[in-house]
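Here is a short note to read beside the model. Please keep the structure open while going through the points.

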Amino acid sequence: VLRGWPRSYAGFFADIGAFLMKNAKVKLCLQASQTNGNLLLEDCNPESDFQDWSWQGDSLMNHGTQSCLSVVGTNSVRTGLCGTAGYASWDCSNSLLSPLGSSQGYLVANRKGVTLSNTRGLKAQWQDGADRSACEEKAAEQDRYFLAALASTHVYDHTAGNATLALGIDPEELEKLLWFFRREDPSTWNYCVLVLSFVAMILGLLLLAINIARNRKRKIYAYREAAQTPQQAELEASQALMPAQEYSLADLQKQELAPQDQRSGEVVVRLKDGTIRSLYTE
C-alpha cells in the first residue's frame, strides 16, 4: 500500500489505475517474475496481474508481486519492496522513463529484458495497452489520488511522521487544505446567486412590459390608419364631384331666371352674355 494513504483507498484506486507497460519497439509487455525480482518481456496479456502496473506517486508498482520497479547497481532494473534501499522514483516524459534525480539513462527493452541506457529511440518508449503514453497514466493516477484525499477524513497515516506524500504535498499542508474544503461556508456564494437570479427576473419582466406596450401602440396606430383611409377616399371623391354639382346648380339657376311668359310656338335663344331674345318677332 502507498505510504501515507489508507489501505482501502490505495487498493481501490490502484486496481482502477492498472495498465500494461508495452514497449513501442518490440510490442511486448513488461512482466514481473513470480519467483524473483527479474523483469521479462512477454506477449501482452491483460488478464495477468504480473503485467499490471500502476503509478504510486513517482513509483511503478506491479500488482502481481506488490513490488516496485527499482534500480539496482549501475544499469540493472528489477522489482523490489517499495520503500527499501533499492526503491527508485521514476520521471516520465514523452513516453520515456528515467530514474528521478539521476542521469543513469532511460528504461530500454533488450533481448534479456530491460536495462538502463542513454538510447532515446522506440526501445525506450513505453505505452499502455491502448498505445497511449505511460506518462498519461501517471497524470490520471495523480488525479485519482487527489480525489481520494478530498473524500477521506483520514488522509495519511500519522505514524509516517513528516514523510512527503506521493503528490509532493506535506501532510500538514494537505490537512489544512482538506479542512478548508470541508469547512468552507457556501452561504455567500448562495446569496450572490440568489440576488443575481432576482435581478435577472426583474430585468426580464421590465423588458416584457416594454415589449407589450410597444406592440399595443403599434396596433392602435395601425387601426387609426385603417379607419382614416376610407374617410380620406370619400372626401377626395366628394371634392371631385363638387365642380360638376356647382355647374349643374348654376344651370338650374339660369334656367329659373328664364322668362316664364313665353307663348306657344315662340322660339327664343340665349346669347353668350346671358341675354334671352326672341328669334322671330311678331
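Is Cys192 buried, partly exposed or exposed? Cys192 counts as partly exposed, at 40% relative accessibility. Buried means under 20% relative accessible area, exposed over 50%, and partly exposed in between, with a 1.4 Å probe and protein chains only.

1. Basis of the note. This is a predicted model: local features need pLDDT of at least 70, side-chain atom pairs count only at pLDDT 80 or more, and totals for chains, interfaces and linings use all residues. Residues are numbered from 1 along each chain as its sequence is written, and side-chain values use heavy atoms, with hydrogens and water left out.

2. Disulfides overall. The structure holds 3 disulfides. The cut-off is a pair of cysteine sulfur atoms within 2.5 Å. A disulfide is a covalent bond between the sulfur atoms of two cysteines. Counting bonded cysteines along the chain, the pattern is 1-2, 3-4, 5-6.

3. Cys29 and Cys44. These two are joined by a disulfide, S to S 1.9 Å. The link is right-handed, with 90° about the S-S bond. Cys29 lies in strand S3 and Cys44 in the loop between S4 and strand S5 (52-56), so the pair ties together parts that are 15 residues apart in sequence. Helices (H or I, at least four residues) and strands (E, at least two) are DSSP runs, numbered from the N terminus. Cys29 is buried, at a relative accessible area of 0%. Cys44 is partly exposed, at 32%.

4. Cys68 and Cys82. Their sulfur atoms are 1.8 Å apart in a disulfide. The torsion about the S-S bond is about 90°, so this disulfide is right-handed. The pair links distant parts of the chain, 14 residues apart. Cys68 sits in strand S7 (residues 67-72), and Cys82 in the loop between strand S8 (76-80) and strand S9 (90-93). Cys68 is buried, with a relative accessible area of 2%. Cys82 is partly exposed, at 38% relative accessibility.

5. Cys92 and Cys135. This disulfide has its sulfur atoms 2.0 Å apart. The link is left-handed, with -90° about the S-S bond. Distant parts of the chain are linked here: Cys92 in strand S9 and Cys135 in helix H2 (residues 134-151), 43 residues apart. Cys92 is buried, with a relative accessible area of 13%. Cys135 is buried too, at 16%.

6. The hairpin of S3 and S4. Strand S3 covers residues 29-32 and pairs with S4 in the antiparallel sense over 4 bridges. Strands pair if DSSP finds at least two bridges between them. S3 and S4 form a hairpin, with 6 residues between them. Ala32 stands opposite Leu39 in S4. Which residues form the covered face of S4? Leu39 and Leu41 do, while Leu40 and Glu42 make up the uncovered face of this strand, residues 39-42.

7. Asn62. This residue is in strand S6 (residues 59-62). Asn62 is buried, with a relative accessible area of 0%. A polar atom of its side chain lies 2.7 Å from the backbone oxygen of Phe50. Leaving out residues up to four places away in sequence, Asn62 touches Ala32, Asp49, Phe50, Gln51, Asp52, Trp53 and Ser67. Contact means heavy atoms within 4.5 Å.

Technical notes:
Polar contact = N/O pair within 3.5 Å; in protein donor to acceptor, adjacent residues only side chain to side chain.
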